[in-house]
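Open the model in your viewer and keep the selection tool ready.

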Amino acid sequence: MTAQPRLVGFACRWCSYAGADLAGTSRLEYPASVHLIRVPCSGRVDPAFVIRAFQRGADGVLVAGCHPGDCHYASGNLFARRRFALVKRFLEYLGLEPERFRLEWISAAEGRRFAEVIREMTADLERLGPNRKLREDP
Amino acid sequence: MPRIGAFICHCGLNIAATVDVERVAARARAIPGVVHAETYKYFCSQPGQEKIAEAIRSSRLDGVVVAACSPSMHEATFREAAALAGLNPYLVQIANIREQCSWVHSDRETATVKAAALVAAMVAKVRRDQPLEPIRLPVNPRALVIGGGVAGMQAAWDIAEAGHAVVVVEREPNLGGRMAQLSETFPTLDCASCILTPRTAEVARHPRIELLTWSEVREVSGYVGNFSVKIARRPAFVDWDRCIGCMLCQDKCPAPAPIAFEHGMGMGKAIGVSFPQAVPNRPVIRREYCRRFQGRKCQVCAKVCPVGAVDFEQAESCREEKVGAIVVATGFDVMPAAHFGEYGYGEYPDVIDSLAFERLNSSSGPTGGVIRRPSDGRIPREVVFIQCAGSRDPDRGKPYCSKICCMYTAKHAFLYRQKVPDGQAYVFYMDIRAGGKGYEEFVQRTVEQAGAMYLRGRVARVYPEDGRLLVEGVDTLAGTKVEVAADLVVLATAVLPREGARDLARTLKIAADEHGFYSEAHPKLRPVETMTRGIFLAGAAQAPRDIAETVAQASAAAAKALGLLTRGELAADPLVAEVDEARCSGCLVCRHVCPYQAIEPRELAARKVASVNPGLCQGCGACAAICRSGAMGLHGFSDKQVLAEVGAICL
Amino acid sequence: MTDHQAALRDIAAKLLGGGQVATFIGFRAGLDPSRPVPHFVRDASGAGALVINPFCGAGLARHVLEALEDGPVGILVRGCDGLGLERLIADGRVTRERLHLVAVACRGAVDPARARAILGRIPERAEVDAQSVALIAGEERRSVPRDSCLLGRCLSCVDPSPRLADTWLGEPLPSGQRDFEAVTRMERQPAEARYAFWSRQFQRCIRCYACRNVCPACSCRSCSLDDPELQERATGLADQFGFHFTRAYHVAGRCVACGECQRACPMKVPLSLLNEKFLKDIRDLFGVADPHRPSATEPLACYRPDDLESCRGEAR
Amino acid sequence: MRLLPSERLAEFRECLAAGGRLYGPVEVDGIVRFEELGGRLPAIEPGNPANSLKSFLHPQTEVVFDFEGGYTDVALRVPGPPAAQAIFGVRPCDAVALERVSRVLLAEPFADESYRQRREMTAILTVACREAGPHCFCRSVGVSPADGRGSDVVLYPADDHYLLEAVTARGLSVLLSAGALLDPAGDEAARAACQSTPVPPVRGLEREDLPARLEAAPYHPHWEELARRCLGCGACTFLCPTCYCFAMFDTVRGTRGRRSRGWDSCQFKDYAMMAGGHDPLPTRASRIRRRFLHKLSRFPAVQGESACVGCGRCAAACPVGLHLAGVLSELEEVLR
């Protein structure tokens, strides 16, 4: 087995997690790099979760939520959008590669898009190689 | 020491074919705190649930992880099973190793490793779960129905008949919606108003139904069982309580007005009703067409009114209704002309859409039911119907099928031939979708009895020539170019959600899909519920559908609403936010991000802390994420749980 | 500044004597004249101990939290203190009505260590103006550039005067605009250089929490950095990155750019360079003109429907 | 007695580096700290580096053991013995501090094994002071700028050379290993110069009755005054060369984990919190008082000498000027 990147995803249960489920019911194959953590809303995702993932050895982190305007809770993803716009830039400022963190909007109907995002991100992470920054010693 | 049980489901071969479930169970057993791990073919089955219950009892489990399909499938099933066995249902977590593992990965080794990690994450999570009790909420037994079309009326009628008060809010001055505009209905060719009018009258006089027409929902607050709805009524400039419905005003009004009801085919008056059978039979003044409101001296209506009901000073009024459930039945619009340049829609008067054709067909319509083309009033000898005008057309942003067009086009072609026996109908179509009782037979009748010529293919363009319209298209079956000279072109334009549907979604805090159709909670199993508890969907507001389906769904929504309204009290998911008051600094930043106004300050021993109303809280967690000190927790998704999941995944 | 000392003592004495405040917060002389320390006057007779001069370097805002437990507080307020108090008020930690603010415009405070290094002995007095600093000891008077001896937090200050005041000592000075030059320079470095830089800085951190404890935006009753499940106690490089990320992120959109954290850091971790990155991005991404000046709603607790779409796009 | 010509300092460094890891004061990013020297010469400036020697003998965080297993069967792995190290460019006060700390951590029968091993593997090369730093007050606490206690070798600086004196056997072997670089000569003047380096005194600190005066006024309102000013950070304690408090903590990763110990500070809230919820040091004032009483009264009562060596780090670090020398001179006023 070739070592594949470790991608931790935070997915809102209404849209992106359901989108990932749809990719499943549609049998769309994508890399097993990703492990999703179900959260009620992208607005629930505390940047501390992202940092913890990098500390524990994630090579990439994805935060996925409903498209703006479609949030089940009306506004959660709009807070997330602001929050992670800052966090992403800050992580880069600390020296992390931009490809290692992504915020994506994936609806419950976008199984295909979910698979695509995972494929894309996994390819990026493979190209970058394992992450050592912010990461504790194994 | 925790006592966790892990149950790895084969799901037949759905999981077991790709994931080595025995290895996953063995890996689970190695996790500290896991005292029981087993696999089974179908844990969701009765014997499967019994196995879980048995393990809960015999191994004295204080946490259960079921590795199976998505939690959206069977989380509730397994929680119930655990509860029956004496374990608090909130001490159950689902590891999604089917939709997010076995179905999307093919390599057995990687899928097995990933499944084990997903199980470990849920073990880590369930260890940090607390037993929770459902939140008990009182239920207001009244219902609100938004939309007074056939869907709204059906839902309102069913709820009222079951003994509950219903408020119906309709944006137009009268009930009826789209169905009232139709001439006949497919496939039986019943006269639409003949079947709708009695229903409208029944609804209007029902003692438990209150009609609020010419009104809109402005604000919705509260939560399931306890909604508070602000409804604004636009000024009608007529005191409806005084008005006796004689319609003298309409007769005498000198100002013509294009009313929406006629869909561009005919004119009404600046004061009046949309159609003669309108319920309530009360006029409104459309100020944009009224001479007086346009600054002229006219006061004809006020002068002729025998009861002095005209009131030019009337202002918008607002009222608040408390209800326990809401049915959303706002219906549909059709794609506007601007989208069809190549068909000359909006440019050539004889290119019309199907709704306009309905009006031409209607015996109460502008032509008295005689089909005359708009430009010169001639009876068209050749009519081209173009299906899928905008539908199934990703370029125009509408990849979906509008569903009703095949059938109403067949109906139009049929009715046209009945009324113009020597006329010829051409139908350009992509596919004929006639799934429904008697539908396919009806299409065949249209072809065979009405002699409609069905041409499979797209129309490239429509342009005028010698007072007629030349329709250029391709017959993809014959592989030839087709050119038809027509007197009238009828577009089966795409079905869209009602204008303003998205705004209403925001007001109601329900989700809408990319096209603006309201999203159901689950496409198969919860098709009339929304993700917001207590709000239900009926009719074409959710997706294009025909009358029979609409009525069936409206009754289903009513049944769902009644299931709630008859309860008196209901249990809500306790996965809501809670403040650790000892840690809270009272900065109340959480209040800014709460979409439900569920957070209020509370005085606590000379200091201020945040306090969550668990009835209002929907558990989105925005507050928990923005709270710096970690004082705001979210049951089921606490910081510590998510961090533990991260840790377990990254091992 | 020094010439306001008598007036300050007078005002403090009146406030205390009249019972308007229970405590007056200012400075008093320290072990040497270049190191005044925060001081809490409790009765009118003690007001004579108050000093005000360009060596007064510590921020005072944070101190009101404890002092308010004894009753209303009077406090000497420079631009940075004012912003800090605005922060505490916005956070609901302090009510404006319980404060009496004695405002003074400040042209910057002298770093005693740097001044001493320049003079070779402890400076006794200093005069700061817009162009330079005069350091005085005995007969000696040396005029040196501002950036050679002022505190780092004062060099980047654009708010010499507080926006809130009850009593003014002298006249306010106009405020300016932050330029974020240091952040821009850091952004231009290659990613690897940035990572190496921050690794070196964070490795020095001894986790004394001075940065947090001086910060007017870090007034939580209970800090997540003290919760071992949220911030492990280990001090490996990854832990240090996590710690400094969290500290900076928790003040993102709330930091008043007073620079107290950086002044307080015994290991000279350039904490302001972290805070300012957030401030700069808040300005650039959300169009907040002066992101360090507290407003009714924090930038991360609000949104615009037309906010920047997705944060994938361009780096930084 | 040996002389090391200044120009041979680099060679001397190489010689020390050959014996293990070598640390010394260096200036990086505008701050002088003890760090691994590498190719650099120690930055010998008046006063002390920001961090103290304890970083190397009693590190900020150190592994106690690694463990693996479940709830019932746990395997432990204790880290191997520490490697040899030398610290070059230490000031006498810091070395004296080590000697003070050792009285506690090496006291039998509860000697701290990890500290003992490190202490045994560490050579301390002290450079005596010809000039006091901005915050120095060693003489007020009975430490001299030429103090040799706790050192293995003391270097007395002169204009173009250093006088080297071995204080311990370990020091002697260091000098022997560097023998080729050293001139077998003496320079009493160099030692004498350091012995007479002037250090400003701190008022009150030299008083014989200081402990008694402090103990007599445990509830003096000035402690409250100090508490208002103190921000409750741990800078003073973490930089203090004689503060040795630590706390244990575990980091767990699945079935594996690590028990570590890291510095703790008596100035932190909950420092003395007990399992039952009782906290003998519940207020900031109580914690500040504890710190000063410990340094100046309780520790001397048990160990015979002050737990302050006058290095001045707390004065350099405290954001609000609440450091030992300053506080003592304030107390001198209020206790009068």
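Select Ser102(B) and show what surrounds it. Leaving out residues up to four places away in sequence, Ser102(B) touches Asn14(B), Ile15(B), Thr18(B), Val19(B) and Ile97(B). Now colour helix α4 of chain B, residues 98-102; Ser102(B) is found there. Is Ser102(B) buried or exposed? Its relative accessible area is 5%. Buried means under 20%, so Ser102(B) counts as buried. Keep in mind that this is a predicted model.

Next, select Pro141(B). Pro141(B) sits in a loop of chain B, between β5 (135-138) and β6 (143-146). Its relative accessibility is 43%, and Pro141(B) counts as partly exposed. Which residues does Pro141(B) contact, leaving aside neighbours within four places in sequence? They are His164(B), Ala165(B) and Leu565(B). Thr532(B) and Pro141(B) are 391 residues apart along the chain. Their C-alpha atoms are separated by 18 Å.

Move on to the nonpolar cores. The largest one has 173 residues. Select Phe10(A), Val50(A), Leu91(A) and Trp198(C): these touch the most other members. Then select helix α5 of chain B, residues 108-127. This helix gives the largest share of the core, 10 residues.

Zoom in on Leu91(A). Neighbours within four places in sequence are again set aside. Leu91(A) is in contact with Val50(A), Ile51(A), Phe54(A), Leu96(A), Phe101(A) and Leu134(A) from chain A, and with Phe245(C) from chain C.

There is a second, separate core of 145 residues. To find it, select Phe428(B), Ala558(B), Leu616(B) and Ala631(B), which are among its members.

How many helices and strands does chain D have? Count 12 helices and 11 strands. The radius of gyration of chain D is 21 Å, close to the 20 Å that the globule rule gives for 336 residues, so chain D is as compact as a globular protein of that length. Along its principal axes, the C-alpha trace spans about 65 × 60 × 40 Å.

Now colour chain D by burial. Buried residues make up 58% of its 336 residues. Finish with charge. Chain D has 39 positive and 41 negative side chains. The centres of these two sets lie 4 Å apart.

How values were computed
Residues numbered from 1 in each chain as written. Chains lettered and ligands numbered in written order. Predicted model: local features only at pLDDT ≥ 70, side-chain atom pairs only at ≥ 80, totals over all residues. Heavy atoms only, no water. Helix = DSSP H or I, 4+ residues; strand = E, 2+ residues; numbered from the N terminus. Rg over C-alpha atoms; globule rule 2.2 N^0.38 Å. Buried < 20%, exposed > 50% of the residue type's maximum accessible area, 1.4 Å probe, protein only. Lys, Arg positive; Asp, Glu negative; His and termini not counted. Charge placed at Lys NZ, Arg CZ, Asp CG, Glu CD. Core = buried A, V, L, I, M, F, W, Y, C linked by side-chain atoms within 4.5 Å. Contact = heavy atoms within 4.5 Å.
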